[in-house]
Amino acid sequence: MKQSWKWKAATAVVVTSMVLIAGCQQENQGTGISDTIGGSENGQADEDGRIPIEIWTWDIATCGEIHEIFEEKFPQYKIVLTPVESSQITQKLQTTLASGGQVPDICLLEYTHRGKLFQMDIWEDLSAEPYNFDVDNVLDWMVPNETADSGAYVGPEYVSVGALAYKRDLAMEYFGTDDPEELQKLFPDWDSFIAAGVEVQEKSGGKVFMLPSVGAAGAMLKGQSQEPYFDGEQILFNDSIKPILETLIEMKQKKVVDRIDYNSPEEAASCGRDDHIFFECPAWALSQIIKPNDPEGEGRWGLMLPPGGGYAGTSASMGVPKGAKNKEGAAEYIKFFQSTLEGGALIRDYKSSLIPYKPAYEDPSFYSQEDPFFNNQDVWQIFADVAKSIEGVRPLNNYDQDFEDSYALAVKTINATDGQITADELVDTMIEELSNKHPELIKE
């Protein structure tokens, strides 16, 4: 039987852990570490008798409620959040280690920085004693990008998978149907999506676009590809990013995508307008982007798979530095939220995110919600099906962040030139930029 939940925003009233446990009807699986904590053995207790778990994170706004519930369940701990921008995590860690300073108990690790961070032999292996994180219960495709070069399992990440949201009234107007399955049949690939976008432009007099930004299309195309950008120091752009850039250029030339900057406030606000039909939609965007920006849109929205199927996005993992004061408490925290149904329900309900715990996908009711905003579609089942269907993702690399910086500039160039540029020109510029930063890179 499908469940219907009321999703909690970050500002919602905090409910007790007992209410949540009863509401979700999930048995506490336990983490198996708390009984071994011995006072200040893994960290000095504060005056209130509780041991801090310090977390370096940029994700503050959506964590208040779940941390209060965690502290009720584990009264020996208290969560201490230290705000650090995602782009500053690597530098802050390096500076702290070089100066002999104190590293945190948990560090949130952004996807694009993880390849570089994982080359640093500073992470606890959470799969080893005394933590015993069960890696066999992690979705298989996620494990390689959660494992350091040393072979240590650093820690799980939120499951970032995406679908394609759309406005039902506009879909009916331009395609004759608002049914997600019928729309998926109309757009089995990106060529058919582009062709439909040309027709939409003609019918609307150039006022309606398929997508609000070039970057939105690029995020989906990149997430559908497993082709590596690098092999060691060898650049591999011809088979990886070049085909994606060619598709984005075609979309821009044919006005399938609008001129809005990707991930901008204007793009978010466009959810409430009538000039874009489709929107890139990772799971968290439901509560953080679409619903807040179209408050009167209940029943207007639909969710489907994009051309080519669901895609993997980028997400943050959690790591425990070897120099942490409270390593076992940190592992307790990670195991509770990422490898129990009870913790996963909190992540689902409060953060609109999925966890990599396999049993959550084996329970057909766990990720199942009929959402009135999406005309009572079971939107979470769609995301769960995507998570189960992914076979692999692009491997991490030391150059990931610099690559993303150069790619972002290529997207801006496509936008600024209305696509009047070639993929070869963009690739050459990207390679030049990367080679200037990293002379050891080998060009194709």
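Visitor: What makes the pairing of Ser365 and Asp363 a polar contact?

Guide: In this predicted model, the side chains of Ser365 and Asp363 come to 2.8 Å. The cut-off for a pair of N or O atoms is 3.5 Å, one able to donate a hydrogen and the other to accept it. The value of 2.8 Å lies within 3.5 Å, so the name polar contact applies.

Visitor: Where is Ser365 found?

Guide: In a loop. The loop runs between α14 (358–362) and β11 (370–371).

Visitor: Is Ser365 buried or exposed, and how do you know?

Guide: Look at the relative accessibility of Ser365, which is 16%. Buried means under 20%. Ser365 therefore counts as buried.

Visitor: Which residues of α3 are buried?

Guide: Helix α3 covers residues 89–99. Its buried residues are Ile89, Thr90, Leu93 and Thr96.

Visitor: What covers the buried residues of α3?

Guide: The cover includes two strands, β1 (51–57) and β3 (106–109). Helix α4 (111–117) is also among the covering elements.

Visitor: What comes just after α3?

Guide: Gly100. Its phi is positive, about 75°.

Visitor: What is the order of the strands in the open sheet?

Guide: The order is β2-β1-β3-β10, four strands with mixed pairing.

Visitor: What makes β1 and β2 a pair?

Guide: Two strands pair if there are at least two bridges between them. β1 and β2 have seven bridges, so they count as paired. The sense is parallel. Thr57 stands opposite Pro83 in β2.

Visitor: How do the axes of α8 and α9 cross?

Guide: The axes of α8 (residues 214–223) and α9 (residues 241–253) come within 10 Å. They cross at roughly 145°. The crossing is right-handed.

Visitor: Which residues make the contact of α8 and α9?

Guide: From α8 come Val214, Ala217, Gly218, Leu221 and Lys222. From α9 come Ile241, Ile244, Thr247, Leu248, Met251 and Lys252.

Key. Residues are numbered from 1 along each chain as its sequence is written. This is a predicted model: local features need pLDDT of at least 70, side-chain atom pairs count only at pLDDT 80 or more; totals for chains, interfaces and linings use all residues. Side-chain values use heavy atoms; hydrogens and water are left out. Buried means under 20% relative accessible area, exposed over 50%, partly exposed in between (1.4 Å probe, protein chains only). Contact means heavy atoms within 4.5 Å. Axes are lines fitted to C-alpha atoms, for helices over the stretch in contact, and angles run from 0 to 180 degrees between N-to-C directions. A crossing is left-handed if the near helix is turned anticlockwise from the far one by less than a right angle, and right-handed if clockwise.
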